[in-house]
Amino acid sequence: MAVPTLRCVLAALVLSACTAGSGPEPAAPESPTRPNFLVIDIDSFGADWLLAERDGARIAPTMTMLASRSQRFTRAISQAGWTLPAAYSLLTGHYPLLLNVVDNTHPAWDGNTRSLAETLGYYGYRSVAYWGHTSLGPNQLGRGFGSTATTEQGDYTVPLSAWIAEEPERPFFAYVHNIDLHYAPIPTAALHLYEPAIFGCTGGHLMTEEYEAIVGKVGDAAAHTHMVAHYEARIHAFDAVVADLLNQLGASGVANDTVIVLTSDHGEDLGDHVMYAHSVLFDTVLRIPLLIWDPTRKPGEVDTMVQTIDLAPTILARAGIPADRTMDGQSLLPLMQPESPADGSYEERVVYSVTTTLTSARTRTSKGIRASVAPGAGSGRRFYDLLADPGERHALDEAAPGAAALFAGLEAWHEERAIATGLVPRVELLEAQKKDLQQRGYFQLLDKSGTP
Ligand SMILES: [Zn+2]
């Protein structure tokens, strides 16, 4: 796929009057209560990579452009280190523990929790979900959607405009999830984007054997350079998908009636700690990008710490649909410009997150991680001073200032969320599923479950 030019993308968003850096004036809110929603959920996309550069050029130029036109939330934190619990939080507004899901071995959320797609459908919205892997199918990410489809890894065609054209008079909710940032071969279409030598492997592809040889070399500078180059190439390749989606909105004539959310389920730990993978609760994994482009709002940066569970309440509020008061999250509209008394207020809260056997509590200055099994951690609790140690290199004990209160809150939250319902029994993975997970960076975790 050819990379659409920035001018094309700007035209698609009908922002031709905007000049770089100054941002557009908000458009008149002609029909603010029934906008369309496009949510782009880029799997394993860490917050620091959104505006990153290589050799003086943006890795993701389209997303950089979109960020300059959007509300960019600079402290967005994920609810989980795995795809399914994080995505479920986005799609329900609930903590994963309430859904009895902590990792991908729980195939579907428990109970009668209504999804965002179901609620929007009740109020007349059409909905479609596209996901990037067959294991994330209609009973997982597609739950409650009117239409569902799998996009093959490396196949960057998302037929959004054709779906919109089927019933153009109804507002829609489209969810696009893509898994191409995982440790898979770089799409052929992206090979020309980087010098082959930077990959240090044949043809620019990261083959399974090469990955397995590298992934254990945490602390090896050459391996790190290699893995980062691959990661950046995939981000660069997916940036063209974002451009294509924006162009499809423009071609469908709905660009100025559509709110665009761009985020990720979780980030990626590129050898920064104990592995090349996610499924841990370090900030490399929990800090995610979050952009909301809204034709009725001004662009800007929001420093308030927000969470994945806030997105579903935000979409309901923006659609003019009464709030689901059972949701754990809060609407982000009060943080967006221009301010409106009708948006209410937003309270910055402690962020609670989960992975296989760990839970964490994070404020803007500190983090506590609670482990059922934490080898070498003594009590099974670790505390990080995020101001003095943003890289989370030096775990402190429970005597550190602020630690006791944070852990007390975490314990209370854990008791309330987990003990009351009990986790859904895990499914037994098939050998093919295990192999698939191993090739995506999980084999260490499968062998040493609980290692943070
Ligand atoms: Zn994921």
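**Exercise 1.** Is E301 buried or exposed?

*Solution.* Keep in mind that this is a predicted model. Start with the relative accessible area, which for E301 is 60%. The cut-off for exposed is over 50%, so E301 counts as exposed.

**Exercise 2.** Work out which side chain E301 meets in a salt bridge, and where the two partners sit.

*Solution.* First, the partner: E301 pairs with R72, at 2.8 Å from N to O. Last, check R72 itself: its relative accessible area is 19%. Buried means under 20%, so R72 is buried.

**Exercise 3.** Find the salt bridge partner of D303, then the network around the pair.

*Solution.* D303 meets R364 at 3.0 Å, N to O. D303 lies in the loop between strand 14 and strand 15 (306-307), and R364 in the loop between strand 17 (358-362) and strand 18 (366-371), so parts 61 residues apart in sequence get tied together. Salt bridges with shared partners then join R75, D303, E348 and R364 into one network.

**Exercise 4.** Describe the salt bridge between D48 and R287.

*Solution.* The closest N and O atoms are 3.0 Å apart. D48 is in the loop between strand 1 (36-42) and strand 2 (53-54), R287 is in strand 12 (residues 287-288), and 239 residues separate them. D48 is exposed at 53% relative accessible area, whereas R287 is partly exposed at 22%.

Methods
Residues are numbered from 1 along each chain as its sequence is written. This is a predicted model: local features need pLDDT of at least 70, side-chain atom pairs count only at pLDDT 80 or more; totals for chains, interfaces and linings use all residues. Side-chain values use heavy atoms; hydrogens and water are left out. A salt bridge is a side-chain nitrogen of Lys or Arg within 4 Å of a carboxyl oxygen of Asp or Glu. Helices (H or I, at least four residues) and strands (E, at least two) are DSSP runs, numbered from the N terminus. Buried means under 20% relative accessible area, exposed over 50%, partly exposed in between (1.4 Å probe, protein chains only).
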